Amino acid sequence: MTSTTTTNTEHRHLRPRPRGEDLLPRPPAWTRAALCAKVGSPSDWSPDPSDTEAAEAAIEVCGHCPVRAQCLADALARPRLAQGTIRGGLVDVARQSLHRRRLRQTAPSVATVPVLEARRMVRALSADGYGRDVLCRESGLSRSTVVKIRDGAGGGAGIESWVLDRIRSAYKRLSSRRPARGSHTLKAQRYAAARGWAPSAAWAGVDMADPDSRPRVHDIDAA
Ligand code: SF4
């Protein structure tokens, strides 16, 4: 990087380029205080990715820049515009990583609920004769999710509440009718019978979410 002081008041690499949504009529006011507008040349902030020395020199300047925070925030908000440049003291990869980290930190936590009720419903529907594919289609859940709920070991594991909502909704629809008879129906029923799962009729009026509840057919181990 040259140490020549430039007379630029708005550094070229901070100027918006004419690219769709990133287009701005003029650079934000904070760019007038950009240190890179006074030191070096614009290309110093777009070094060849293999030139780590050049990148480090630019990052060093950013470290003394009075508008570093604004510059970084702007680059994170408009990644396409900042692509290929050092902004706020970070190269593309470092900015992407920071962006992902912030997303994870601000993401709302997803509520989890015990799997027991969903498992009992899926098993009851299997005993009714609904195969895995029907359960996937009706619930909108993936095969692996349905199988994990149906066959997973233990009762203490949690699932996300929206998954339970989907199973409940599918259970409400499917348990009120009989499945079309076919080889899949018999296969599902055999699978359930071999494991002692009670059909939905045995759970009518029973709170399936209550760990102490049992299906009304007492000789069937449904949990
Ligand atoms: S943080 Fe770096 S790239 Fe951003 S304005 Fe300052 S010197 Fe320029």
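What covers the buried residues of helix H1 includes helix H2 (68-77), where contact means heavy atoms within 4.5 Å and buried means under 20% relative accessible area, exposed over 50%, with a 1.4 Å probe and protein chains only. The model is predicted, so local features need pLDDT of at least 70 and side-chain atom pairs 80 or more, while totals for chains, interfaces and linings use all residues. Residues are numbered from 1 along each chain as its sequence is written, and side-chain values use heavy atoms, leaving out hydrogens and water.

**Exercise 1.** Determine which residues of helix H1 (residues 52-62) are buried, and how they are arranged about its axis.

*Solution.* Begin with the list: Ala55, Ala58, Val61 and Cys62 are the buried residues of H1. Viewed down the helix axis, they fall within an arc of 120° (taken from the directions from the axis to the C-beta atoms), and therefore line one face of H1.

**Exercise 2.** Identify the residues that come nearest to the ligand, and classify its shell.

*Solution.* Around the ligand there are 11 residues (a heavy atom within 4 Å), of which Ala34, Cys36, Cys62, Cys65 and Cys71 come nearest. Cys62 is also among the buried residues of H1. Sorted by class, the shell holds 8 nonpolar, 2 polar and 1 charged residues, with Cys and Ala counted as nonpolar.

**Exercise 3.** State how many helices and strands the protein has.

*Solution.* The protein has 10 helices and 2 strands, these being DSSP runs (H or I, at least four residues; E, at least two).
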